[in-house]
Amino acid sequence: MIFFESMNIPKLILLLSFMIASCGSDFVIPPPVKNPDTGNVNKPEDKPEDKPEDKPEDKPVDIPDLPADALVADGNDESTYSLILAKGYNYETPDKSGDHAAAPYRHIRQSYDSFLKRYVFDFILHIENDDDRGKTNIKDRQRNEIKTDGNSPAAMVAQKGETLQMTWKFRLPEGMKTTTKFSHIHQLKGIDNKEGNADVGMPLITFTVRSMSNGTQQFQVIYTSPASQGSENTTIYKCSLNDFLGQWVEVAEVVTFDESGSYEVVIRRMSDGKELVRVKPQNLWLWRDGTTGLRPKWGLYRHFGDGRSNAHLLRDETLKFADFHIQKLK
């Protein structure tokens with residue numbers, strides 16, 4: 001301030017002109033950074049932890065040994081949604097919810113993971129803003145998921161009597177917050193018919209993480225009976241969530257979708273091979289009246305309470321997923 005006050009205006013203008021000229025062609029004002037999917041300029045309040053990390057050039061990228069039809073992150077973050085659709089999946093995200101309406105925010109991104117040594121998918125939810133697919137009549141929950149649906153290849157949707165084998169990997173964040181209500185990270189659910197009267201209101205199988213009344217956290221595998229049997233929930237496996245947090249795990253799930261169906265799943269921690277979950281094959285009613293097919297869903301779908309009564313117990317979360325594959329065995 002003292003320096004500028006000591007100079008007259010003509011000299012100051014001359015000095016600034018000299019400084020700009022001396023920079024040559026290197027003096028370029030960069031254009032604003034835009035959201036690649038929407039064209040909107042990114043807002044300064046976007047949180048750094050929500051942005052995908054660039055892969056350091058000296059880090060290797062491991063290519064998983066998976067079939068060509070698997071959904072594998074390719075490092076092209078800008079085209080994440082296009083990749084999801086190209087592999088036969090669809091997505092349900094809160095990209096235009098709340099404050100995102102003015103500048104849509106892409107909630108599924110890609111980042112480089114140093115443990116897997118390759119790119120993975122980041123599923124992001126903001127507790128103070130995001131909703132359930134922009135539905136104004138739903139005010140107690142939020143959702144960020146991918147799924148197969150009626151537009152997916154037939155090999156990715158089960159018809160009555162068919163068996164699907166589904167494999168994937170996921171990592172829950174360290175310190176993940178939960179409530180005694182639901183935080184679903186995987187579901188098996190029906191596709192509604194044209195009449196809209198199929199029994200698809202409730203999932204068949206759910207992986208959920210929740211808090212217990214004693215303050216501990218559990219990972220649960222839940223079976224829900226069809227509406228004709230009361231849509232009753234039965235926890236068929238539960239264990240401490242501690243072994244999952246901050247760790248990559250791999251899942252192998254095999255399901256025969258029928259009235260006399262069969263369900264089994266194994267989840268192993270990748271760092272040491274420890275088996276965290278094993279549900280041995282068991283007979284369950286795994287069909288739904290009127291549905292046009294049964295399919296999987298993945299992501300984070302959580303309840304924050306009527307009037308946001310439990311929102312203060314939760315936080316922004318980023319769940320990581322990788323290497324989705326669906327195979328029809330019969």
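R143 counts as buried, at 4% relative accessibility. Buried here means under 20% relative accessible area, exposed over 50%, and partly exposed in between (1.4 Å probe, protein chains only). The model is predicted: local features need pLDDT of at least 70, side-chain atom pairs count only at pLDDT 80 or more, and totals for chains, interfaces and linings use all residues. Residues are numbered from 1 along each chain as its sequence is written, and side-chain values use heavy atoms, with hydrogens and water left out.

What does R143 pair with? Its side chain meets that of D132 in a salt bridge, at 2.7 Å from N to O. D132 sits in the loop between β3 and β4 and R143 in strand β4, so the bridge ties together parts eleven residues apart in sequence. Strands are DSSP runs (E, at least two residues), numbered from the N terminus. D132 is also buried, at 0% relative accessibility. A salt bridge requires a side-chain nitrogen of Lys or Arg within 4 Å of a carboxyl oxygen of Asp or Glu.

Strand β4 carries another partner. K147 and E92 form a salt bridge, again given as 2.7 Å, N to O. K147 lies in β4 (residues 141-147) and E92 in β1 (residues 90-92), so this pair joins parts 55 residues apart in sequence. K147 is buried at 12%, and E92 is buried at 11%.

These residues belong to one network of salt bridges: E92, D132, R133, R143, E145, K147 and K297.

Now turn to K320. Its salt bridge to D122 has the closest N and O atoms 2.8 Å apart. K320 is in β14 (residues 317-328) and D122 in β3 (residues 118-125), so the pair links parts 198 residues apart in sequence. Both K320 and D122 are buried. The structure holds 22 salt bridges.

Key
Helix = DSSP H or I, 4+ residues; strand = E, 2+ residues; numbered from the N terminus.
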